Every structure is written in structure tokens, then in C-alpha cells.
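Here's a quick briefing to read alongside the coordinates.

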Amino acid sequence: MVDKFEGEHLLPGQLGQISVYTAFIFALVSATAYLIAAYSKQPDKVIAWKRSGRIAFLIHSIAVLSIIVNLYYIIQQHFFEYYYAWSHSSKALPMNYLLSCFWEGQEGSFLLWMFWNVVLGIVLIFTLKEAESRVLGVFAIVQGFLGSMLLGLYAFGHKIGSTPFALLRDEMQNAPIFQRADYLSFIQDGNGLNPLLQNYWMVIHPPVLFLGFAATLIPFSFAMSGLMSRKFDSWTKPVMPWALFSAAVLGTGIMMGGAWAYESLTFGGYWAWDPVENASLVPWLTLIAGLHTALVYNKTGRSLRTTYIFFILTFILILYSTFLTRSGILGDTSVHAFTDLGMSGQLLIYMTGLSIPAIVLLAVYWNRIPSVKKDEEVLSREFWIFIGSLVFLLSSLHITFNTSLPVWNKVFGTNLAVPADAVAFYNKVQIWAAVIIALLSASSLYLKFKKADVKQFYKRMAVLLGITIPATAIIAYLGEFDFVSHIILLFAALFGVVANLYYFIIVLSGKWKLSGAAVAHLGFALTLVGILFSSAKKETISFNSMGVNFGKEFDAAAQRSNMLLYKNVPVQMKQYMVTYVGDSVAEPNFYYKVNYEVFDSTTGTIKEQFTLYPNAQINPKMGLIANPDTRHYLSKDLYTHVTSVPDKTKETEQKEKEFKSNLVQRGDTIFTTTSFVILESIERVANSKKITIEEGDLAVAANLLVKKLDGQSYSAQPLFYIHGDRATLVDDELPELGLTFRLNKIIPDENKIDLQIAEVEVQPDFIVMTAIVFPYINILWLGIIVTILGFVISLVRNLQKKRSSKPVLP
């Protein structure tokens, strides 16, 4: 057994692990102190315990920052004695990807989540008043659960958490290499970042998404504070800015994920209804529903119970998504899920430990939560907001139930099949939810809270429908929309665009400060227009016209939509002439160069020309790793991705070349399998790129013209070289043709030479690729930006109102 290992850097790991324990302990201390303060009746004890909770939370925050600093230092310094650094990083990664390594693994992503909770918690400490004890108490409990995920301890035979500071030799202690004191001298590099994640989106998307996850804790904590204090209706106004912030950030994170998928993945789109995508989308839907019902309560005193349900449910769904994506249960159904680190039970305790108390408190105080007994007026804004919130809930239930099929199978021993075509399966239901939400979000703005002016409402609806119906008919005709569901969605989306523009321009007179709802709803409608056009009318312009069988990895649809391109052989794809002209496999990025040309049908000249560089490489562990490239136009995108390439990473065996002799004289022709060779001349040369010819040496060259059957020409020049009394044969090669030429003998009497030719089979250079046109996809991205802008406008407006009114928190 080795007593001491050479070259290890143990200090940062030891400091990091101490910080893990400190963060966990002081999260529990903070939670205890804050909860005692929340339930204490004596003012002096409330102040003392609150101060203790605050100090403990700040110590916890410093410890979390210490964990982050030490872990990043280990990764950045390439200390591969640590399992986390060895598993997720390598020396070749640039600095930005080293940052991505930090949160690639489960431990790092939990740490990222804790960091954002710390940031938000500190902001709340300095902005809340009496509600601090209850809200921060919930925060500290959550931090305790998250901190336990990093402990890496064993208790009663069970592992608690997984530490990012575990040593490689401890995780792989049975490997023979770790019986050596100098084992680090044999570990030259780490495994590196997953090739699929080596993208700039990996740097910015996870931090934004996890900030969104962390922000959902604030509405949940406010709701819990209302239940704990039994001041059930005093938190809905203070929570509004935070709910808007959470909705904006989480929505941005989700949409960034869609943009990342569109730009970097090869399924040909931006949303595949992948289980991990769904797990982040569903909490956002319920959060939006809760945001609207909270608004209703603040305006009318209705829907408080519903608001509790939605805000509590949102965070429970965040916890459930954490369980789904990290327990390993989705391993066979999602490309995004983490592998199981043996913490499934702990994740389940985390989920139930926070969900059950919230549900119990809500059930206990249900009848004491204020509610209005009288039904809402049908033509009132609050009634239709409530209906819209129910649609959000039903949409969420549909997505959650089907995403959870692997869970149901595991729990109940069933064998329910996951939808083979997830996009078609979810779209056929969710399209109707989108239609209803689009119509309600457009029309409800024209209704007033409590009671609307019916005549004015109908008058405005008539104007809006008078614009929308003809516009829908014209666009549906010109766009050749055939499906009824698509035409209905087109109508709903256009109605949303027209109604919200009209509301902003005419009703609000262009007042930006009041336009948050109209702008967000307009963005949603534009997003639907973009989704409809880019999905329903997308066109695959590549087509397997040669009927090539690409293999079992390609399903029937992929067999039709992929096209084989040989190097330098142009093929027609609609109006484009497409040519694969080469690759960069000698470089780290493995790009393939694909030229596109558009010819003027009248003059025959090139009207447009550009080159795309889709990325593809064969990874020994993961197979083909590919990233598409896209040509962006104002009205469309041309999306190109490579689906199969020759494996050039394998070294071909060097077989001994077999030369065949040919007695030829000037002007003779020799035929090979794919070309013919003409001996143009035989001459003495004084210079050559292959060898250095000194004075007194004799060098004779055979100048050869090699022509392929397609007319392409090459040249070769084998040499017969005499230096002193020693003769050397200097071969010349044309590797692209698989030909090697040797001037074996010169026969002066016959004016001939013995030209030997060795020929090997050359694997043709090719790619298999798909090209897709996404029409009007920029409307989708514009809609997303406008939606987020609407949230920001509402947030700013809400903060301004809050500052002017200075409400007292519960």
C-alpha cells in the first residue's frame, strides 16, 4: 500500500470539502434560527434569532463561494488527481469551456443552483422586512437540501451526496495504476468536455436557466410565508416583481435552450419535446398561470387559492424536474439527462421533504384563505384569465403525465410506450392549448376587471375580426396551408398580433410604461406565427435521388431526406447547386466545406454563392458528433447538417505496394482502374522538390500526365537518381488516385523506360447531409424577444409602483 502519492495538490480539495461541510451546517443553522424567529412571540427574541439566521446565511454564502473558487481553481489548473476535473476537463479546452466544465456534472450544476439561491437570498435579506424570517427560512432549508447533494459521505450504509472534491484514486481505487506513488505521471490529460457541449451556448445557457430555477423559489417562499404567518392575502403584491423576474429569466433560459438546439443539434428544429426540455417548460407554464391569478387577486380579491396552488406547484415541478433529470430514470428517453450518481433516494427525499409540508399547510388553511363566493361576471377580465390559467394547468398535466411514463413504468411495473414521434404526439394536443391562450391573451385585455363595457367590447372585437379574418384567408391561401388545425392556429396567432398591436397603439396611445401585458402577449402571438411557418412549411431540399441505403441508423424518413455528396461532384437541391469541396479533419474542429450556388435561369451566371461549414467528427465513444451550420436570410434559414462521414480517424494498415512493370516510350499510354497515364517526356533534371541534387549527380525524370476518366488532370515525376556509385529510385505518389509511380529502369538502346505503377483502392471522399429551409423563422426569434421585453416592461412598471407606494410586507 502506498503511504504517500507524488505530485498531488490536496490543499484546494481539502479547503473545498471543508467549505461544503460549512455551507451545509450553516444552512441548517440559518434555517433553524429564521424559523424560530418566525414563530417567536417575543419581539426581542425575534430580533435576536433573525440576526442569527442572517449571520448564518451570510457564512453559508461565503462557504458556497469558497466551494466555487476551489473547484474552479482545480479545473483551471488541470489537477487531474480530482475525479471531477479529470472527468469533465482537459488541457486542450479554451478558458470559456473550462467554465462550462464547472457545471457539466451534477455536482457543479447543484453548486450553480446554490450560488444563485445565495445571490437572491442576500438581495432578499436587504430588501425584506418582517417577512425575512419566513422567506429566508424556506431559502435556507432549500440550501440545506442542495448542500447535502455535495457532502459525499456515507451514513448507515447509504451515500449522502457526491462531492466534487473526490480524488481519482479513491473513485477508481481498484485500478492497478493507483498502486504506484507516481500515478499522476501517467495521467497526462482528462476526459474533456462532452463534444456536444463544446458550444458557446454551454457557457451562457445553464447559468440563465439555473437562475430561473432559483428565482421560482421566491414566489414559493412568499406563498409559504403567507401560510406560516396566516396573513394569507398580504404577500401577493410584494411577490409580483419577483414573479415577473422569475418568469422572464426562466423563459429566457428555456428559449436559449431552443436556440442552442437549433444551432447545435441535428434533429432539424428548435424544440423536440425531449423530456428534459419538457421538465423545464412545465414549471414556466404554471408560473405564468400563477402570475396572472396573483394579478387577478390584487385587482379583484379573487383567485387567491388558485395563486397559492400555482406558485407552490411551480416549485414542486422544479423539484420533480430535478428528480427526473438527475435520477437516471430518463437515460433511455432523453439526450440531455444526467447519469445516475446513486442519489435517486436523496433526490426523492429532497422533493417530498419540501412538497409535503407545503401541501399539508395549504390543505390545513384552505378554508381560511379568503375567497369571493359570488361567481365572476362572464364578460370580465378575471373570468377569462382564470380560464386561461386552467388551460395552462391542463397543458402542463398533459406534458407532465407523458414525460413521466418511465416513472410510471418503474413504479407500477407497467410497460407504457414512450411516443415514437414525440413532436407529432405533443403537437396534436398542445396546438389547441396555444390557440385558446392566443385568443384569450388577445381579447381579455379589452375586458375590464369585475365588469366590462359590453358594447365597446363587441365593437372592438368586430374591428379586430374584420382585420384578422381576411388576413388569415389571404395568408393561408398564399402559404398553401391545408390542415384545418394549422389554419385555426394561424387565425388565433394573427388575431393576437392584430389585437395586441391595436391595444398598444389605440387604447394605450403608445404608452410604453403601461404596455407590458400587451407587448408580452404580442410576443407570444408572433412566436406562434413563427412556429407555424417554420414548422408546418419547412422544406427539406435534400433528397436521396440515387436510392442509397445509408444503414440501419437512418429511419425511413431519414433515408429519403438525406443526400450523398461525393467530393467535388455538384448536385442539384432545388434552386441550389451544392458541392462538397473538402474538410478540415487535420484541424481540431472537423468542419466540412459545402458550397452553395444559385444560377440566374436567364443569363446562366451565378446569382448567389456562399459556403457553409457544418461540423462532424466520429467520436470513439459517442459515434458521430455533428453540429449544423445555417445560412440566415431575412425571410428564411437554410439549415445544413452532416449525418454521415467516412471514418478518417482510423489508421489504415500500410500494405506492401505491388508494382507492375510497363515498358513504355515517349507518348505511350497506360490505363489504370480510374485513370490513364501518358509518358510525356524523359529528361535529365538539375533540381527536384523531393531530393537535393548535387553537382556531378545524375537525375533522370519521367514526366507523366495522369487523367481521370472525368477529364481531371494530374502530373507526376518519378526519378532515377545516381549519386556517386549508388542508384536510388525516387517514387512519386498521387494519393487521391491511389497511384504510386517508380522509374525502375532506363533502356537507352530501345529509348524506353521501365515505368512501374502500384495501385491501391481509394475510398471515395464523401458526406451524407440534410438541407432544410425554415421559412420566416426570424418571426419566432422576434416573438421570443418581444415576449421577454413585455415581462421586463411589466417588471419595471411594478417596481416603480412599489417604490412610490412603499408597501409594508407581512
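Predicted model: local features only at pLDDT ≥ 70, side-chain atom pairs only at ≥ 80, totals over all residues.

The chain it describes has 810 residues, 52% of which count as buried.

**The chain as a whole**

- You're looking at 21 helices and 23 strands in the protein chain.

**H4 against H8**

- The crossing in which H4 passes H8 is left-handed.
- On the H4 side, the contact uses Asn96, Tyr97, Leu99, Ser100, Trp103 and Glu104. Facing them from H8 are Tyr200, Met202, Val203, Pro206 and Pro207.
- Sorted by class, this contact has 8 nonpolar, 2 polar and 1 charged residues.

**How enclosed is H4?**

- H4 is largely enclosed by the rest of the structure, because 7 of its 10 residues are buried.
- The buried set in H4 is Tyr97, Leu98, Ser100, Cys101, Phe102, Trp103 and Glu104.
- What do those buried residues of H4 pack against? Their partners are helix H2 (43-76), helix H3 (83-88), helix H5 (106-125) and H8.

**H8 against H9**

- H8 also packs with helix H9 (residues 217-229), at an angle of about 5° and with the axes 5 Å apart.
- That angle is under the 35-degree cut-off, so H8 counts as roughly parallel to H9.
- Phe213, Ala214 and Ala215 of H8 make the contact with Leu217, Ile218 and Pro219 of H9.
- By class, the H8 and H9 contact has 6 nonpolar residues, with no polar and no charged ones.

**Two buried threonines**

- Thr325 is in helix H12, which spans residues 304-326. Its relative accessibility is 11%, so Thr325 counts as buried.
- The Thr325 side chain reaches the backbone oxygen of Ser321, at 2.8 Å.
- Thr468 is in helix H17, residues 454-478. With 0% relative accessibility, Thr468 counts as buried too.
- Leaving out residues up to four places away in sequence, Thr468 touches Phe491, Leu494, Phe495 and Val498.

**Positive phi in two loops**

- Trp273 isn't a glycine, yet its phi is positive, at about 55°.
- You'll find Trp273 in the loop between helix H10 (239-264) and helix H11 (275-300).
- Is Trp273 buried or exposed? Trp273 is buried, because its relative accessible area is 11% and the cut-off is under 20%.
- Ser509, another residue other than glycine, has a positive phi near 55°.
- Ser509 belongs to the loop between helix H18 (484-507) and helix H19 (516-536).
- A relative accessible area of 52% is over the 50% cut-off, so Ser509 is exposed.

- Leu638 is in strand E12, which runs over residues 636-644.
- Leu638 has a relative accessible area of 0%, so it is buried.
- Which residues does Leu638 touch, not counting those up to four places away in sequence? They are Ile541, Tyr576, Tyr596, Phe610, Leu612, Asp629, Thr630, Arg631, Tyr633, Ala771, Ile772 and Val773.
- Thr540 is 98 residues from Leu638 along the chain, and the C-alpha atoms of the two are separated by 9.6 Å.

Key. Residues numbered from 1 in each chain as written. Heavy atoms only, no water. Left-handed = near helix turned anticlockwise from the far one by under 90°. Helix = DSSP H or I, 4+ residues; strand = E, 2+ residues; numbered from the N terminus. Contact = heavy atoms within 4.5 Å. Nonpolar A, V, L, I, M, F, W, Y, C, P; charged D, E, K, R; others polar. Buried < 20%, exposed > 50% of the residue type's maximum accessible area, 1.4 Å probe, protein only. Polar contact = N/O pair within 3.5 Å; in protein donor to acceptor, adjacent residues only side chain to side chain. Axes fitted to C-alpha atoms, helices over the stretch in contact; angles between N-to-C directions. Parallel < 35°, antiparallel > 145°, perpendicular 65-115°, else oblique.
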